[in-house]
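Me: I am new to this one. Can we go through the labels and ask what stands behind each?

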Amino acid sequence: MQIRDEAADIAESGRGINDYTDSIMQLNRTNKLAASILASAQPLDASLTDVEAVAGDIDDAVVGIQRHAESIDSSARSINASAATILGDVTDINQQANSISTTAGGINADAAGILRTAVAIQRGIRLINDSAARAADVVGVILADARNINTHAVRTAHLARCIDDGLNGGSPC
């Protein structure tokens, strides 16, 4: 009876050893796969660094463009205010010219021409203001996209480093 018990214990231990052997074989396959993934991921690190640098450059350029657009918008608003003042002045001149006798008809015609020009300038300034506002909106969208790209590039670089650390025996992030 004791021999049977010993034989049963040996058989049970053998099954455990067999399980451990299977685990070791699976670990070897996993290590080979991890080495392959690491080899495939290594070129990505340089690419991600390049993408990160380009995204930073784009971000800087967009910030510069936005500053210029804001400056243009500010100038256009100032010109618009001046044109509105000019329009008001020209309107006053036109009203005064209408009250002058018929001998001042030539002056009145000149003032009306100035008024038309001022109105045309004011329309042009409104168009410039609208274009500057749209440009500022586009610049804002570009800036947001550039920041998104930069955020994703930084995150991707971080994840690549984590994968690299994990595959090289370090602790993954």
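Reply: Start with a term. Contact means heavy atoms within 4.5 Å. Keep in mind that the model is predicted.

Me: Which residues is N129 in contact with, leaving aside its neighbours within four places in sequence?

Reply: N129 is in contact with D73, A76, R77 and N80, once those neighbours are left aside. N129 itself lies in helix α2.

Me: Why is N129 called buried?

Reply: The cut-off for buried is under 20% relative accessible area. N129 has 12% relative accessibility, so N129 counts as buried.

Me: What makes Q122 buried?

Reply: The relative accessible area of Q122 is 10%, so Q122 is buried. Q122 is in helix α2 too. Its contacts, sequence neighbours within four places left aside, are N80, A83, A84 and L87.

Me: How much of the protein chain do buried residues make up?

Reply: Buried residues make up 18% of the 173 residues.

Me: Why does I58 count as partly exposed?

Reply: Buried needs under 20% and exposed needs over 50%, with partly exposed in between. I58 has 36% relative accessibility, so I58 counts as partly exposed. I58 is found in helix α1, residues 2–99.

Me: What separates the C-alpha atoms of I58 and I149?

Reply: A distance of 9.5 Å. Along the chain, I58 and I149 are 91 residues apart.

Me: What share of the contacts with a separation of 6 or more comes from residues 24 or more positions apart?

Reply: Such residues account for 80% of those contacts in the protein chain.

Me: Why is I163 called partly exposed?

Reply: The range runs between the 20% and 50% cut-offs. At 43% relative accessibility, I163 therefore counts as partly exposed. I163 sits in helix α2, residues 105–167.

Me: Which residues form a nonpolar patch with I163?

Reply: L33 and I37. The patch of L33, I37 and I163 is on the surface, with about 270 Å² of accessible area together. A patch residue needs over 30% relative accessible area. I163 has 43%.

Me: How many helices and strands does the protein chain have?

Reply: The count is 2 helices and 0 strands.

Terms used
Residues are numbered from 1 along each chain as its sequence is written. This is a predicted model: local features need pLDDT of at least 70, side-chain atom pairs count only at pLDDT 80 or more; totals for chains, interfaces and linings use all residues. Side-chain values use heavy atoms; hydrogens and water are left out. Patches are made of residues with over 30% relative accessible area and no salt bridge: like charges are joined within 9 Å, nonpolar side chains (Val, Leu, Ile, Met, Phe, Trp, Tyr) within 5 Å. Accessible areas come from the Shrake-Rupley method with a 1.4 Å probe; for residues, only the protein chains shown count as cover. A salt bridge is a side-chain nitrogen of Lys or Arg within 4 Å of a carboxyl oxygen of Asp or Glu. Helices (H or I, at least four residues) and strands (E, at least two) are DSSP runs, numbered from the N terminus. Buried means under 20% relative accessible area, exposed over 50%, partly exposed in between (1.4 Å probe, protein chains only).
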